[in-house]
Amino acid sequence: MKENYNNIMLKMIDEIKSSGKTPKLLLHSCCAPCSSHVIATLTPYFDITILYYNPNIEPYEEYEKRKQEEIRFINEYPNVNKLDILDCDYDNDLFHDMSKGLELIPEGGERCFKCYELRMKKTASIAKEKGFDYFATTLTVSPLKNSQKLNEIGTKLEREIGIPYLYSDFKKENGYKHSIELAKEFNLYRQDYCGCIYSKRDRELQKKNKSTD
């Protein structure tokens, strides 16, 4: 039986509300549209620092475009508590080293799982190093991402690194729909592929096949 990670998160938030404290959350984000609903959901309860660590995104111009949109969004969003961003090195070579032998795996498979862990492990490590209270990721807002796997990775990293993980399934309760609405409201750039050259390849093939139907 699959866990309802949204309910687990809501219980964690209830405990935080009861404590009267505002914990510090290091939130990995892949892009501004995905982060929009997550920030809206969490800003009443956390001081949020976005970690923009996405060595998978290519080309570099696309990476920079998404990062600048993230910065613009957090500067414009009417947050309740603290909201800022922590940038990281690009590390694209690290992503390609990780992907060796998995280049032809369809999107949503083992290569993606390794990519989840690469980015989440960096988040957990920095959260531990810099004294955050929790770490989390925006990735569960996407219907194309495996929330079960993401939360399993979060659980594993919580144990290995020793930093509490905020469970989530942000697509629940129309979360993905809300992210689309916020993207329109703030005129955010919305990409049409996940980020890596393999997802770009698969997306271009889909568009080509559709145009020839």
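User: Are Phe113 and Tyr116 buried or exposed?
Analyst: This is a predicted model, where local features need pLDDT of at least 70, side-chain atom pairs count only at pLDDT 80 or more, and totals for chains, interfaces and linings use all residues. Residues are numbered from 1 along each chain as its sequence is written, and side-chain values use heavy atoms, leaving out hydrogens and water. Going by relative accessible area (buried is under 20%, exposed over 50%, partly exposed in between, with a 1.4 Å probe and protein chains only), Phe113 and Tyr116 are both buried.

User: And how are the rings of Phe113 and Tyr116 arranged, stacked or tilted?
Analyst: Rings of Phe, Tyr and Trp (its six-membered ring) pair if their centres lie within 6.5 Å; planes under 30 degrees apart are stacked, over 60 edge-to-face, and the rest tilted. Here the centres are 5.8 Å apart and the planes sit at 50°, so Phe113 and Tyr116 are tilted.

User: How many aromatic pairs does that rule give?
Analyst: Tyr5 and Tyr167 are one of them: with centres 5.9 Å apart and planes at 5°, the pair is stacked. By the rule, the count is 13.

User: Which aromatic cluster holds Tyr5 and Tyr167?
Analyst: Tyr5 and Tyr167 are 162 residues apart in the chain, and both are buried. The cluster is made up of Tyr5, Phe135, Tyr165 and Tyr167.

User: Which Lys lies over the face of Tyr53?
Analyst: A charge counts as over a ring if NZ of Lys or CZ of Arg is within 6 Å of the ring centre and within 35 degrees of the ring normal. Over Phe132 it's Lys24, at 5.7 Å from the ring centre. For Tyr53, at 5.3 Å from the ring centre, it's Lys122.

Notes
Helices (H or I, at least four residues) and strands (E, at least two) are DSSP runs, numbered from the N terminus.
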